[in-house]
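Biologist: I'd like to learn how to read the packing in this one. Can you take me through it?

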Amino acid sequence: MKLEQRKDLLGIRDMSREELELILDTAIPMKDIIKRDVKKVPALRGKAMVTVFYENSTRTRTSFEIAGKYLSADTVNLAVATSSVQKGESLRDTIKTIEVMGFDLMVIRHAMTGTAHYVARNTNMRVINAGDGTNEHPTQALLDMYSIREKKGTLEGLKVAIVGDILHSRVARSNIYGLSKFGCEIRVAGPSTLMPPEIEKLGVKSYYSLDQALDGVDVINVLRIQKERQQSGLFPSLDEYANLYMLSPDRLLRAKDDVLVLHPGPMNRGVEISSQVADGVQSVINEQVTNGVAVRMALLFLMMGGSRDEITN
Ligand code: CP
């Protein structure tokens, strides 16, 4: 099975469980490559990809770039802040300009919901959504699912709490779409002002009490408080938020003994998560970053023509 028939990867919502499993399964041998002394295979030799980030990023952009390099693709980053975007060049003209240079695939992040979909409709390049506004961040959900499955052995039937700024979180949405396809019980917790009004229509249960939401869960995914997206007044202060919603060692006791703690990064330590928890034994936050490289390698490989059999044989 290949992902060749799918031109773009724009969101988890429209993906089948089989497609998700294919990517997660293909990421396993990719992770082995990352651990080697010589981290390079010729799988994507002759392919070219470009990362175009209109919003800041450390993990996603860098991991896409190194994932492409480990697979021998030619990878280029368009530095938007020093590009002709700053001279007023439109998104459409920017995409066309990149396309005619011969790139096979573009990874794009943009603050506006739907941008990756717009780009995909207007280019022959394959497009991967690296985050569009508050809509989706599909590769974050894939690496989160990979990290959970690797530790727990399965995703099936797990109780997962997603905590914090659900309203602005594309990570939350992509995780909800993905984990639902594996029969997880998903709980979302946060202040009422950061909870989308109709969130339960996505098949999740919402909580305003963090302690209740954490009761007996297998996994806690802590979201970043997104100061850059917030109107003022959604919560009184960061101190107030931390008092009610920061994941602390005491609160962690509500969950199962072998609970996993995830965070997409970057973290606001002392706001949504305490350093003791972030650096504690239940945390897989650093492993998530490594797994992000493996999952993105799998995706690039599958989208640019490889089949899983080629990498495992
Ligand atoms: N998790 C995530 O998207 O991190 P970056 O913003 O650093 O890419």
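Biologist: Which residue of strand 2 does threonine 51 stand opposite?

Modeller: Threonine 51 faces asparagine 77 there. Before we go on, this is a predicted model, where local features need pLDDT of at least 70 and side-chain atom pairs count only at pLDDT 80 or more, while totals for chains, interfaces and linings use all residues. Residues are numbered from 1 along each chain as its sequence is written, and side-chain values use heavy atoms, leaving out hydrogens and water.

Biologist: In which sense do strand 1 and strand 2 pair?

Modeller: Strands of a sheet pair through backbone hydrogen bonds, either parallel or antiparallel. Here strand 1 (residues 48-53) and strand 2 pair in the parallel sense, over 5 bridges. Pairing takes at least two DSSP bridges between the strands; strands themselves are DSSP runs of E, at least two residues, and helices are runs of H or I, at least four, numbered from the N terminus.

Biologist: And what order do the 4 strands of the open sheet take?

Modeller: The order is 2-1-3-4, with parallel pairing. Strand 2 (74-78) and strand 4 (126-132) are the edges, each pairing on one side only. On average, neighbouring strands are turned by 15 degrees against each other, direction ignored. Helix 2 (residues 59-70) packs on this sheet, touching strands 1, 2, 3 (105-110) and 4, and its direction makes about 175 degrees with that of strand 1. Contact means heavy atoms within 4.5 Å; angles run from 0 to 180 degrees between N-to-C directions, with axes fitted to C-alpha atoms, for helices over the stretch in contact.

Biologist: At what angle do helix 2 and helix 11 pack?

Modeller: Two packed helices are described by the angle between their axes and the distance between the axes. For helix 2 and helix 11 (residues 285-303), that's about 55 degrees, with the axes 8 Å apart. The two are therefore oblique to each other (under 35 degrees is roughly parallel, over 145 roughly antiparallel, 65 to 115 roughly perpendicular, the rest oblique). Among the contact residues are Phe64 and Ile66 of helix 2 and Val293 and Leu300 of helix 11.

Biologist: How do the axes of helix 1 and helix 5 cross?

Modeller: Helix 1 (residues 17-35) and helix 5 (residues 138-152) have axes that come within 10 Å and cross at roughly 70 degrees. That makes helix 1 roughly perpendicular to helix 5. Their contact includes Leu20 and Ile23 of helix 1, with Leu142 and Met145 of helix 5.
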